[in-house]
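I opened the model today to look up a few things. My notes follow the order in which I looked.

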Amino acid sequence: MVPTNYYIILSAILFGLGVFAFIFKRNIITIFMSIELMLNAVNLAFVAFSQALGKLDGQVFVLFVIVVAAAEAAVGLGIIILIARNRQSLNVERVDLLKL
Amino acid sequence: MTPQLAVFFVLAALAVAGAISLILQKHPIHSALSLIVVMVALAGLYLLLGAEFVAAVQIIVYGGAIMVLFVFVIMLLNAGVEEHTSISKMAGGPGLLLVVALGGFIAATIARSSESVQAAEQTGTLSSTRGISSMIFKDFVYPFELTSFLILVAILGATVLAQREKS
């Protein structure tokens with residue numbers, strides 16, 4: 001049997017990699033993918049704690065997180081298409097209208 | 001080492017390798033394929049945890065629907081190799097620092113957590129699908145109905161955003 005600790009550590013590692021990708025990557029689609037990676041890491045922690053505590057609330061929450069992620073992906077990719085159409089580029093540094 | 005632990009380490013290594021590959025790949029389509037590897041590995045971990053319904057939803061919704069949407073947009077926009085500028089190289093330093101700080105914080109929290117949480121072993125005997133369905137349709141029925149409204153708003157928003165303006 002696997003201790004709960006291991007799952008939480010794996011979840012933290014995946015979340016950290018997601019944060020790093022979010023800051024380091026310059027392609028707006030890849031940045032969006034790193035957000036999905038962070039959501040997945042949190043889901044893993046939810047399921048691990050749900051099993052450790054013997055309650056199903058965590059798994060129900062994971063389903064809600066997946067629904068919100070799907071809605072977010074639909075709207076976010078719509079925004080990305082709009083940015084690509086207006087700027088002719090997917091580089092986030094080209095999106096600098098609010099920059100001084 | 002028990003078989004469960006061996007399976008856990010294989011799947012965990014697969015997930016971390018996929019996440020690192022997502023960062024190292026230059027082309028968005030390769031990053032998307034790496035992310036699919038991470039999601040399939042996580043689905044395997046959910047199965048190991050005894051959450052078979054969540055594992056199925058993970059494969060169908062994440063691995064299927066959301067990633068197909070990503071790949072579709074990458075192909076639609078003809079996304080090429082990403083260009084790195086001096087600013088993005090500078091962002092790597094603070095990013096790494098932030099990740100190390102976050103990792104240290106989480107490690108400290110786990111280390112200080114009570115023994116009962118730390119030592120709790122995953123039994124995987126919790127019957128999940130029946131329990132989840134009764135929880136969703138009894139205890140969480142209002143949030144569940146709200147998510148359908150959320151999906152509706154998201155569909156409308158995406159349609160309005162992506163449509164071409166008539167000139």
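I began with Leu90(A), which sits in the segment after helix H3 (57–87) of chain A; helices are DSSP runs of H or I with at least four residues, numbered from the N terminus. This is a predicted model, in which local features need pLDDT of at least 70 and side-chain atom pairs count only at pLDDT 80 or more, while totals for chains, interfaces and linings use all residues. Residues are numbered from 1 along each chain as its sequence is written, and chains are lettered from A and ligands numbered from 1 in the order in which they are written.

Is Leu90(A) buried or exposed? I found it buried, because 25 other C-beta atoms lie within 10 Å. (Buried takes 20 or more other C-beta atoms within 10 Å of the residue's own, exposed 12 or fewer, partly exposed in between; C-beta atoms are placed from the backbone.)

I then listed the contacts of Leu90(A), leaving aside neighbours within four places in sequence: Asn27(A), Ile28(A), Ile29(A), Ala84(A), Leu77(B) and Ala79(B). Two residues are in contact if their C-beta atoms, placed from the backbone, lie within 7 Å.

Next I turned to helix H1 (residues 3–24) of chain B, which has 22 residues. From first C-alpha to last it reaches 32 Å, close to the 32 Å expected at 1.5 Å a residue; the expected span is 1.5 Å times one less than the number of residues.

Which residues of H1(B) are buried? I noted Phe8(B), Leu11(B), Ala12(B), Ala15(B), Gly18(B), Ala19(B) and Leu22(B). Seen down the axis of H1(B), they fall within an arc of 125 degrees, so they line one face of the helix. The arc is that of the directions from the helix axis to the C-beta atoms. On the other side of H1(B), exposed residues are Pro3(B), Ala6(B), Val10(B), Ala13(B) and Leu24(B).

I checked what covers the buried residues of H1(B), and the cover includes helix H1 (4–24) and helix H2 (28–53) of chain A, together with helix H2 (28–48) of chain B. For Ala15(B), leaving aside neighbours within four places in sequence, the contacts are Leu10(A), Leu14(A), Val38(B), Ala41(B) and Leu42(B).

Last, I looked at how the chains meet: 76 residues of chain B are in contact with 59 residues of chain A. H4(B) gives the largest share of the side of chain B that touches chain A, with 12 residues.

How values were computed. Helices (H or I, at least four residues) and strands (E, at least two) are DSSP runs, numbered from the N terminus.
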